[in-house]
Amino acid sequence: MQQATEHTPGNAQLWDELGVAYSNNNQFNDGIAAVEHSRSLDPTYGNTPKIKGQLYENRANTIRERLIAGNSLPTDGETDYGKLVTSAAQAYSETIGTDPSQLVDSSFQSQVDFFINAAQPFTNSNSSLTQ
């Protein structure tokens with residue numbers, strides 16, 4: 001994927017895919033940086049903020065699971081659960097502002113469920129955000 005972005009550096013979709021690949025490879029910071037670069041290339045491409053929201057959502061779920069289990073947290077990137085949930089919400093909000101059709105798909109209900117679940121308190125929460 002990295003080679004593809006080197007050959008066509010102006011392709012926002014490739015940068016999005018690189019961001020997902022980084023995130024899937026436990027390189028969260030690089031994943032977010034790649035989708036932010038994608039957004040700078042094409043601010044009208046509605047899929048980019050949605051992908052960014054998904055990266056934050058996935059990260060938040062991982063952090064929540066590890067906190068509940070008492071396991072160590074990843075060392076690359078944000079680990080504050082509340083900040084991750086807020087960042088996911090901001091990215092999804094940006095998606096709506098760019099292209100609302102991006103959120104009305106098969107993953108819509110899972111995104112709603114994510115935010116409902118995020119509002120539920122849990123043991124070992126590490127959020128520095130206050131209500």
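A residue is called buried here when its relative accessible area is under 20%, and exposed when that area is over 50%. The legends below describe close-up views of a predicted model.

**View 1. Leu18, a buried residue of helix H2.** Leu18 lies in helix H2, and because its relative accessibility is 4%, under the 20% limit, Leu18 counts as buried. When residues up to four places away in sequence are not counted, Leu18 touches Met1, Gln2, Thr5 and Ala34. A further pair that can be followed in this view is Leu18 and Ala33, which are 15 residues apart in sequence and whose C-alpha atoms are 9.8 Å apart in space.

**View 2. The salt bridge between Lys52 and Glu36.** The side chains of Lys52 and Glu36 meet in a salt bridge, with 3.1 Å from N to O. Lys52 belongs to helix H4 (residues 47-69) and Glu36 to helix H3 (residues 28-41), so this pair ties together parts that are 16 residues apart in sequence. Glu36 has a relative accessible area of 39% and is therefore partly exposed.

**View 3. The salt bridge between Glu94 and Arg39.** Here the closest N and O atoms of Glu94 and Arg39 are 2.6 Å apart, and the two residues form a salt bridge. Since Glu94 lies in helix H5 (residues 81-98) and Arg39 in helix H3, the pair ties together parts that are 55 residues apart in sequence. Glu94 is partly exposed, with a relative accessible area of 34%, whereas Arg39, at 17% relative accessibility, counts as buried. The count of salt bridges in the model comes to two.

**View 4. Helix H5 and the elements that cover its buried residues.** Helix H5 has 18 residues, which at 1.5 Å a residue should span 26 Å, and the C-alpha atoms at its ends are 26 Å apart, in agreement with that expectation. The buried residues of H5 are Tyr81, Gly82, Leu84, Val85, Ser87, Ala88, Ala91, Tyr92 and Thr95, and what covers them includes H3, H4 and helix H6 (108-118). Thr86 also lies in helix H5, but at 33% relative accessibility Thr86 counts as partly exposed. Between Thr86 and Asn25 there are 23 Å in space, C-alpha to C-alpha, and the two are 61 residues apart in sequence.

**View 5. The second largest pocket and its lining.** The second largest pocket has a volume of about 240 Å³. Its lining is made up of 13 residues, of which Ser23, Asn26, Phe28, Arg59 and Thr62 are the closest to the centre of the pocket. Helix H2 (12-24) and H4 are the elements that give two or more residues to this lining, and the largest share, five residues, comes from H4. Sorted by class, the lining of the second largest pocket holds three nonpolar, seven polar and three charged residues.

**View 6. Asn26 in the loop between H2 and H3.** Asn26, one of the residues closest to the centre of the second largest pocket, is found in the loop between H2 and H3. The phi angle of Asn26 is near 60 degrees, which is a positive value in a residue other than glycine. With a relative accessible area of 66%, over the 50% limit, Asn26 is exposed.

Note on methods:
Residues numbered from 1 in each chain as written. Predicted model: local features only at pLDDT ≥ 70, side-chain atom pairs only at ≥ 80, totals over all residues. Heavy atoms only, no water. Salt bridge = Lys/Arg side-chain N within 4 Å of Asp/Glu carboxyl O. Helix = DSSP H or I, 4+ residues; strand = E, 2+ residues; numbered from the N terminus. Buried < 20%, exposed > 50% of the residue type's maximum accessible area, 1.4 Å probe, protein only. 1 Å grid on protein atoms, 1.4 Å probe; cavity = no way out; pocket = protein on both sides within 12 Å on 5 of 7 lines; lining within 4 Å. Points joined across faces, edges and corners; volume = space filled by probe spheres on them. Nonpolar A, V, L, I, M, F, W, Y, C, P; charged D, E, K, R; others polar. Expected span 1.5 Å × (residues − 1). Contact = heavy atoms within 4.5 Å.
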